[in-house]
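The following note sets out several points on the structure shown below.

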Amino acid sequence: MSALKDKHIILGISGGIAAYKSVSLLRLLRKAGAEVQVVITPHGKEFITPVTLSSLSGNPVVSEFFTANTGEWHSHVDLGLWADAMVIAPATASTIAKMANGVADNMLITTYLSAKEKVFVAPAMDLDMFAHPSTRRNLATLRADGVEIIEPEAGELASGLVGKGRMEEPERIFDVLENYFAEGEHLKGKKILITAGPTYENIDPVRFIGNYSSGKMGFALAGRAASLGAEVVLVAGPVELPVPGSDRIRRIDVVSAAQMMAACEEHFDTADIAILCAAVADYRPAACSDHKIKREGREELTLSLVRNPDIAATLGARKRPGQVVVGFALETDHEIENARAKAARKNMDWIVLNSLRDPEAGFRKDTNKITMICAATGEAVPFPAKSKADVAADILDCIKD
Ligand code: CTP
């Protein structure tokens with residue numbers, strides 16, 4: 001049985017010659033038992049008729065915000081909530097640009113902006129348009145937003161030119177979707193505890209010790225885990241990020257390491273997996289002044305710091321058989337050996353080594369470059385630099401077995 005059976009798929013079609021291939025994709029999805037709702041742009045209709053699409057999908061095709069004769073409003077919000085995944089094939093340069101910038105001037109884009117689940121994009125355009133810096137930039141934005149790009153092929157294009165830009169074949173797009181849902185079963189029913197972001201340790205009512213962690217990696221992990229079916233408890237330090245769109249994520253906001261520790265202790269015993277992504281402050285002021293520390297009369301100020309609890313080590317020590325603990329490491333020298341030793345010390349099953357040498361990795365970036373180290377085997381698998389969304393997918397893929 002196909003993993004796509006009974007899944008709700010929005011098939012977005014924009015105006016390109018490759019729109020004729022969407023018919024094959026639609027038929028493959030229907031044959032696999034998926035429910036399909038087609039959303040087509042006004043230009044898309046110049047390439048393929050809504051009648052063909054509605055008869056094959058079994059649902060009226062949505063294109064305008066309103067049905068002209070009845071005035072009935074089509075709710076992109078409801079569509080977004082209904083869907084388990086959205087695939088835009090073909091995605092023209094213009095649709096990609098609008099998606100990347102939130103230009104909501106047609107039903108396809110408003111639906112995309114309301115989509116809570118995974119979105120796939122299969123670009124189709126001429127080679128010069130595909131290679132143009134603006135398209136590259138827009139695709140990079142979409143990737144960083146967690147959209148999966150199904151890369152076009154090199155081949156003969158509608159213009160007669162030969163190069164990269166031809167939409168991937170419908171069978172391949174179908175495989176990508178099917179694999180996504182097949183994988184999704186792996187985390188179904190699992191509870192995952194994730195820590196993310198920095199912690200702030202108060203010095204007085206207006207000052208704190210903190211760090212530059214943005215929380216992006218932990219939030220990407222939470223989003224991906226939820227879209228793979230997991231129930232996620234996301235314990236977030238002070239960050240400005242919205243919760244990834246899923247009702248399977250419960251966010252608990254904390255400020256200090258002590259609060260993060262308390263939230264983790266509450267949820268760890270019922271969790272199957274804990275991923276400790278937060279940059280926890282190792283020390284906190286021995287005392288937090290209850291009034292603002294004044295400058296007058298002080299040439300020097302010495303803060304006395306005490307050790308914070310090590311959340312990873314505490315949970316590692318409490319781990320029961322079958323539970324999986326994943327930590328992160330940032331090392332400057334003897335990276336792999338130090339990371340392995342850290343995993344052993346904290347009783348972790350996996351440790352994600354962040355590269356410090358790479359400009360594409362690290363705090364506040366949208367990309368990351370990691371090496372996954374398995375504590376049991378000592379094996380270290382390096383990955384190329386990727387968006388944090390894709391890194392999250394790699395991490396969850398590694399630890400699933
Ligand atoms: N960690 C934690 N609680 C702490 C400190 C760290 O849970 N108080 C977790 C982090 O979330 C991360 C891993 O432990 O998963 C990082 O370990 P740590 O020893 O803090 O790494 P470094 O900061 O690199 O430590 P060191 O300075 O000793 O190399």
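**Points on the structure**

1. Arg318 counts as partly exposed because its relative accessibility is 31% (buried means under 20% relative accessible area, exposed over 50%, and partly exposed in between, with a 1.4 Å probe and protein chains only). Asp269, at 43% relative accessibility, is likewise classed as partly exposed. The side chains of Arg318 and Asp269 meet in a salt bridge, 3.0 Å from N to O; the term denotes a side-chain nitrogen of Lys or Arg within 4 Å of a carboxyl oxygen of Asp or Glu. Arg318 belongs to helix H11 (residues 311-318) and Asp269 to the loop between helix H10 (257-268) and S13, so the pair ties together parts that are 49 residues apart in sequence.

2. Basis of the note. The model is predicted, so local features need pLDDT of at least 70 and side-chain atom pairs count only at pLDDT 80 or more, while totals for chains, interfaces and linings use all residues. Residues are numbered from 1 along each chain as its sequence is written, and side-chain values use heavy atoms, with hydrogens and water left out.

3. Overall make-up. The chain contains 13 helices and 21 strands; these are DSSP runs numbered from the N terminus, with helices (H or I) of at least four residues and strands (E) of at least two. Of the 401 residues in the chain, 50% are buried. Along the principal axes, the C-alpha atoms fill a box of roughly 75 × 50 × 40 Å.

4. The five-stranded sheet. An open sheet has the strand order S2-S1-S3-S4-S5, with parallel pairing (two strands pair if DSSP finds at least two bridges between them). Strand S2 (35-40) and strand S5 (148-149) stand at the edges with a single partner strand each, so one side of each has no neighbour in the sheet. Within the sheet, five bridges join strand S3 (residues 85-91) to strand S4 (residues 118-123) in the parallel sense. Ile88 has Val121 in S4 as its bridge partner.

5. Strand S16 and its partners. Six of the seven residues of strand S16 (residues 324-330) are buried. Strand S13 (residues 273-276) runs parallel to S16 and is joined to it by four bridges, with Ala274 opposite Val325 in S16. S16 also pairs in the parallel sense with strand S17 (residues 350-354), over five bridges; here Ala329 stands opposite Leu353 in S17. From S16 the chain passes through helix H12 (residues 335-345) to S17 in a right-handed β-α-β crossover, meaning that, with the strands pointing away from the viewer, the path from the first strand over the helix to the second runs clockwise.

6. The largest nonpolar core. This core has 36 residues, of which Leu221, Val232, Ile275, Met372, Ile395 and Ile399 touch the most other members. A nonpolar core is a set of buried Ala, Val, Leu, Ile, Met, Phe, Trp, Tyr and Cys residues joined through side-chain atoms within 4.5 Å. Among the elements giving two or more residues to the core are strand S8 (191-196), strand S11 (231-236), S13, S16, S17 and helix H13 (388-399). Helix H9 gives the most, with seven residues.

7. Further salt bridges. The count of salt bridges comes to 17. Glu64 and Lys45 form one of them, with their closest N and O atoms 2.9 Å apart. Glu64 is in the loop between helix H2 (50-57) and helix H3 (76-82), and Lys45 in the loop between S2 and H2, so this pair ties together parts 19 residues apart in sequence. Both are partly exposed: Glu64 at 36% relative accessibility and Lys45 at 30%.

8. A buried pair. Glu331 forms a salt bridge with Lys342, and the closest N and O atoms are 2.7 Å apart. Glu331 lies in the loop between S16 and H12, and Lys342 lies in helix H12, 11 residues apart. Glu331 is buried, with a relative accessible area of 10%, and Lys342 is buried at 18%. Elsewhere, salt bridges that share partners join Arg143, Glu151 and Lys164 into one network.
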